[in-house]
Amino acid sequence: MTEQRVAVVTGASRGVGKGIAVALGAAGHVVYVTGRSTGDRVTFPTVGGTVEETARAVTTAGGTGVAVVCDHTDDEQTAALFARVRAEQGGLDLLVNNVWGGYAAYHEDRHEEMQGPFWEQPLRVWDDMFTSGVRAHYAATVLAVPVLRPGALVVTVSFFPGSYLNGDDQVAYSVAKAADDRMVAVTAAQLAAREVTAVALYPGLVRTESVLRAAEFFDLSNSESPEFAGRAVAALAADPDARRHTGRCLVAAELAEEYGFTDVDGSRPSSIRPHFAKPVP
């Protein structure tokens with residue numbers, strides 16, 4: 001057993017998930033790092049990353065990283081993950097639902113599948129975002145609940161199209177994010193009796209491996225490191241009054257203003273909320 005706070009970060013081989021895991025390590029957490037990429041079996045070689053690399057980075061940052069190879073589209077593997085956490089740690093203080101297969105086409109250079117109107121996109125675009133996204137988040141939350149300690153926090157990484165209507169957004173992507181946000185709201189209401197807080201977290205433009213591959217197409221002047229979202233999660237996890245946020249969609253940059261943290265370079269990116277259109281009715 002351990003006196004350190006225990007976290008699970010799903011989909012943490014790279015990107016935002018890795019940044020969150022490392023920031024939690026810097027805050028002293030034991031972090032179970034999950035993903036499919038391991039050793040020479042990297043799921044997306046174009047962007048790299050493995051659970052072992054992230055776990056080492058967590059430990060280097062000051063925490064304890066535990067690498068767990070897990071395909072979160074397989075419920076048995078997900079259940080085994082939480083059974084292991086219970087056996088090794090006695091309970092769980094923080095679950096971060098970050099796993100996301102919705103960008104597989106980008107990582108595999110199948111960009112044309114993500115372009116054009118929705119009726120010209122293959123149906124698997126929807127399946128990638130829901131099977132390896134929304135459903136995986138739901139399954140992880142379901143299977144984590146018996147392990148969550150009173151006072152625990154569940155964070156689901158989402159994005160502005162879940163709450164804001166923009167006709168240029170992808171249909172599948174927008175619906176997936178709206179589903180995540182609704183899931184957070186309803187699970188938060190039902191988890192209240194267990195003293196568990198559930199929120200959605202919106203990063204801004206994050207300098208992930210995928211974004212940096214296409215850096216010439218982005219204005220990175222107000223971008224965030226992957227660790228910035230992690231600092232937001234760490235601040236929420238350390239807040240004894242975090243339950244006031246339960247059920248809400250929170251913006252990492254706005255939490256930085258509230259809690260007083262900065263990005264790794266000392267900057268404080270501003271919220272990109274103003275760049276989005278009117279809220280969804």
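Predicted model: local features only at pLDDT ≥ 70, side-chain atom pairs only at ≥ 80, totals over all residues.
Strand β2, residues 30–35, is mostly covered, with 6 of its 6 residues buried. In a regular strand the side chains alternate between the two faces of the sheet. In β2, Val30, Tyr32 and Thr34 lie on one side, while Val31, Val33 and Gly35 lie on the other, and both faces are covered. Two strands pair with β2. Strand β1, residues 6–9, is joined to β2 in the parallel sense through 4 bridges, and strand β3, residues 64–69, runs parallel to β2 with 6 bridges between them. Tyrosine 32 of β2 stands opposite valine 8 and also opposite valine 66 in β3.

Helix α1, residues 15–26, forms a right-handed β-α-β unit together with β1 and β2. A right-handed β-α-β unit is likewise made by β2, helix α2 (residues 51–61) and β3.

The largest nonpolar core has 50 residues, of which Ile20, Leu24, Leu94 and Met129 touch the most other members. Helix α8, residues 226–238, supplies the largest share of this core, with 8 residues. Apart from this core lies another one of 23 residues, including Ala144, Ala152, Val196 and Ala198. When neighbours within four places in sequence are left aside, methionine 129 is in contact with Trp100, Gly102, Met114, Val134, Gln170, Ala172, Tyr173 and Ala176.

Ala172, Tyr173 and Ala176 are also among the buried residues of helix α6, as are Ser174, Lys177, Asp180 and Asp181. An α-helix has 3.6 residues a turn, so residues three or four places apart point the same way. The buried residues of α6 pack against α5 (124–144), β5 (148–157), β6 (197–202) and β7 (249–251).

The cysteines were examined last. A disulfide is a covalent bond between the sulfur atoms of two cysteines. With a cut-off of 2.5 Å between the sulfur atoms of a pair, the count of disulfides is 0. Cysteine 70 has a relative accessible area of 2% and is therefore buried, as this value is under 20%. Cysteine 249, at a relative accessible area of 24%, is partly exposed, because this value lies between the limits of 20% and 50%.

Key:
Residues numbered from 1 in each chain as written. Heavy atoms only, no water. Buried < 20%, exposed > 50% of the residue type's maximum accessible area, 1.4 Å probe, protein only. Pairing = 2+ DSSP bridges. Right-handed = clockwise from strand over helix to strand, strands pointing away. Core = buried A, V, L, I, M, F, W, Y, C linked by side-chain atoms within 4.5 Å. Contact = heavy atoms within 4.5 Å.
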